[in-house]
Amino acid sequence: MISTEFSKKMCGVFPNILPGYPRFINVFAIFFIVSSFTTTYSIDKNALRELQANFLDPPVSCRPHTRWWWMGNAGTKEDITWQLEQMHEKGIGGVEQITMGQVYEKGNKSYLSDDYLEMIKHLVKEAKRLKMEVSLNFGGPGWIIGGEWVPQEDRSKDMVPTFIDLYGPRTFNGTLPSGLMKTERSWEHYEPNLSGDEKLLAVVAGKVVDGTIDPRSLTVLTSRVMDKSLLWDVPFGRWRLMAFWLKANGITNTVDHFSEDAMQRYCDYLGGKFENAIGEEFGKTVDSFFCDSFELPNLASGLYWSDGLLEEFQKFKGYDLTQYLPAIWWTVGDITPKIRYDVNEFLHHVGLEAFFKPFLSWCEAHDVKGRIQAYGFTTDNLEASGITHIPEMEITPGEKDAAAWFDTRIGPKKYVASGAHIYGRNVISTEAYTFMHWRRYRATLEELKIASDGYLRSGATKFYNHGYCFSPEREVPPTRTIGFAAVIYHHNVWWKYYPLLADYVARCSYLLRQGDFAPDIAIYSPLANQWTLDVLNARKWTRDFDWGELGALLISNGYDFDLLNDDALQQIAKIENGKINIRNMEYKILLLPNIESLPLESMEFIERYIREGGVVVALERVPHYSTGLANYSTKDLKVQSMAKAIFSDPEGSDDTAPKKYGKGTTYHIKHVIDRQIWWDQRSHILDPFIKTIKEHIAPDFGIDFAYEGIRKNEGLTFMHRQWKDVDIYFVANVQDKQSTIPATFRVHNKCIWKWNPYNGKVTQVFQYQENSDGIRIPLNLSPYESLFLVFESGYSPHVVKSNLYDVLEVNQKGVLALASENGTYHPSVEMNGRQTTHSVTVTDIPAPFTVSGHWKMILEGNGFSKSDITLTHLSSWVENPRTKHFSGTGRYTIDFELPDENLGSDKLLLLDLGKVGNIAEVKLNGVNMGTIWMRGQTLDITNAVRTKSNHLDVFVTNTLINRVSNFQAPQPIPEHLVPLYGQNPTSFSSRIPPEIGFEPLPASGLLGPVKIKVLKKVNVLIE
């Protein structure tokens, strides 16, 4: 039998256990005690010790930060100090300051004024005192990169077209057309006509034949224009006369993103203001400057442009774009996609050179990082993210009450993460929780944690909450806070408990920065293909491509991936042993997702990769065209010739068209992305695409769908990184049900540890089974639970099969485990290559004990008269009109007696509160037991419970929506603040909050049933 003394050393006398959560055992105690006779290790102990210490207490850079909106910069230095202390106390590691519109009649401070800069100085001084980081938005007010100080000549511009159709032969003698066209795209500012102040760039005419413009007819007429009038003899037929203008984008004060000189002047001016005020803290307290996503509106039918770009285009592409300008807006024969690609590639180049590089260079010269949301712009999102010091993602899992929590969409998150992986950025920030709900005040800590797992799984390693509103008010003012954010600040009733989430996010962020991403699949980025189709919708490049179910198919079947761009294939990637290698990452299969056009150079890389042993799967179609105008006929023929040699055509709906080519293999599979009818939605275990992938590589996170009797994985997911010789897996159960499905991790000859991100503790895993595909581990995960599994080289005796609740320890003498119900257990133990089966019988585990009787409930809080109620049945506060609109913390108390059969030195008692809305802090007999903030959590009450009289206190906190929904009108400014800030609303604060009258309200309070469950410690002897 295992000795009591040894059990104490190994398990800390069975410390607190949450079912499905890692047990809290010190990894180093295990290392020195167990490894002496059971386990061998190759990892450096000091490195592991440092890793665990930082996991337990992560550095400030890994702690969640917050966007901090300063509404009109109204507030005082005292407010700054108080709110920073609030953040610091709750585990927030830094702020991103951004100035927004005014919500107060008085007390505002103009952006960049002396008063504003004094506030910024105080912010930095106080952040330094608190050892917090400061990031500053590099535009303002708002997130557009610009400001009222930007001179007109340095402001954003669009190229816009006007046209008129003429029928010849005739003589046209008149003014150029001035009517602007409206396009169907978001963020477009429509004006019907030119203002007259525009600069003429070019005039081109073309003959319209069968609805398209004949490219052979294109005629440049610019030189014939006098004072915006044209004299022209129109040839026979229908001709389109097109004028192209450079028009100031006067919608905002945005700097010209395509003028390097304008951007440099912008950086010098704005950066200079901050440098003069706080420059001594650059690279210290001030860690970065921030550029938000490019939400810059276009003019009607306009595209971003600037002075001199036609000349720059000729230098870049080697031909004059002028005569081909119509192809941007109209179909001009077969050259249309070639011209559009060239224009897009040029705008990508200019965007990097004129916007990204000046900003990032300025940051580097001043010892700070540049943090950019690179999407929504003309640049390739992958390369732009990759050159950014700290690339940032967004798009909230579960957003707007509609998107799935198990977020497998291929969008900004994946584009940004892929760019970071390719170009070597291991810090990836995220704008977290924007539009979690259409209505504010509804978000729970649990929901924020679920969304966090979506970001973490996507690669985020630095969180910026969205966010915290700088306010002199201590009570919630819905009309004077940002309307599209989760309310993560002192107004929230659950703010006290935010450290639970902050610590979780910090630990996950720290561990997921270690080593390198470990992908299986490379997906060729479809951007070149998109560039051939459209020039006008750069904002949508990360979202317009129809990915279908591809993301879900791969992730839910245990494969992770990166998007690879043309720059990566042509300049960075190496082909080794039939794999694509980029730095320490190895991509084993390349997918071509419905690609019609791609650069010839990328096609040549793909051909060489296959020839040297690679595997390529073309989805829906095979490439057919090259990109760009230069020598396009010859290049098209080369692409077509290679595609014909490389790929076969599928003969049926499920045919994968396998073909050997050189040392490699190709497939052409249809109905993977394009699944237009329901019977093409094959179950994932039968899907020809997934079966093809599995023929070449086992899943990195494998689920046996057939054995489990399920058709698809609805939320069990992972992220895999490799650090030294250690494999780190983040595992999350992103679904509203418990998961007991085991997973096979594609690693071999490893010891396994659970790292608990909730509390930082580490414990060894003693139950697993190794096979040819990897190590199979039973996972017992509560709804939305997550953990880390860390695989280190070595071997340990372990249980291979068992129906025990949990296995705590295995050594030469026996197995120490937990049982949850009576019966006979037969654990199979593997030790030194030999497997044996043993037995133990458990007979004295009682049924769960229900805590029932008369509950006393006290509700007392802001805007609510004290309510003292005795309950015989637990129910939601919402069900009672008297308590429906209470937001705050309610106290439940009850006295109960626990039967003797539940207690004993070999028994562990767990308190299960049942359903809680939403956070419950528990005391038993005056002893703090902990806090439940995720469904499925339980608390170990073994050391506090008594056999006779027990007194239970449960403090339950809900959300603010209950209270705010009952407001009858916008909340007035508190009387003591009126002298400073006025009482009349601004245009921002005069709007009726959409949360007023919101229904249905979420369940609140303690709903139960409250039960005490017993686990029994079991010793299984090994003969």
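**Close-up 1. Ser418 sits in helix H11.** Helices here are DSSP runs of H or I with at least four residues, numbered from the N terminus. The model is predicted: local features need pLDDT of at least 70, side-chain atom pairs count only at pLDDT 80 or more, and totals for chains, interfaces and linings use all residues. Residue numbers start from 1 along each chain as its sequence is written, and side-chain values use heavy atoms, without hydrogens or water. Ser418 has 0% relative accessibility, so it counts as buried. Buried means under 20% relative accessible area, with a 1.4 Å probe and protein chains only. Not counting residues up to four places away in sequence, Ser418 touches Leu382, Asp562 and Leu563. Contact means heavy atoms within 4.5 Å.

**Close-up 2. The second largest cavity holds about 70 Å³ of space.** A cavity is a set of points on a 1 Å grid, over the protein atoms alone, where a 1.4 Å probe fits but cannot get out; lining residues have an atom within 4 Å of a point. Its volume is the space filled by probe spheres set on the points, which are joined across faces, edges and corners. The lining includes Asp407, Arg409, Lys413, Lys414, Arg457 and Phe561. Helices H11 (412-423) and H12 are the elements that give two or more residues to this lining. By class, the lining has 5 charged, 3 nonpolar and 2 polar residues. Ala, Val, Leu, Ile, Met, Phe, Trp, Tyr, Cys and Pro count as nonpolar; Asp, Glu, Lys and Arg as charged; the others, Gly among them, as polar.

**Close-up 3. The largest cavity has a volume of about 100 Å³.** It is lined by 14 residues, and Arg185, Asn298, Tyr304, Leu536 and Ala538 are the closest to its centre. The lining divides into 8 nonpolar, 4 polar and 2 charged residues. The structure holds 8 cavities of 30 Å³ or more.

**Close-up 4. Helices H12 (residues 445-458) and H13 (residues 498-511) come within 10 Å, axis to axis.** The axes cross at roughly 10°. H12 and H13 are therefore roughly parallel, a label for angles under 35 degrees. Axes are lines fitted to C-alpha atoms over the stretch in contact, with angles from 0 to 180 degrees between N-to-C directions. Among the contact residues are Leu445, Leu448 and Leu456 of H12 and Tyr498, Leu501 and Val505 of H13. The contact has 8 nonpolar, 2 polar and 2 charged residues.

**Close-up 5. Pro358 lies in helix H9 (residues 336-365).** Pro358 is buried, with a relative accessible area of 4%. Leaving aside neighbours within four places in sequence, Pro358 contacts Glu260, Met263, Gln264, Cys267, Leu352 and Glu353.

Technical notes: Parallel < 35°, antiparallel > 145°, perpendicular 65-115°, else oblique. 1 Å grid on protein atoms, 1.4 Å probe; cavity = no way out; pocket = protein on both sides within 12 Å on 5 of 7 lines; lining within 4 Å. Buried < 20%, exposed > 50% of the residue type's maximum accessible area, 1.4 Å probe, protein only.
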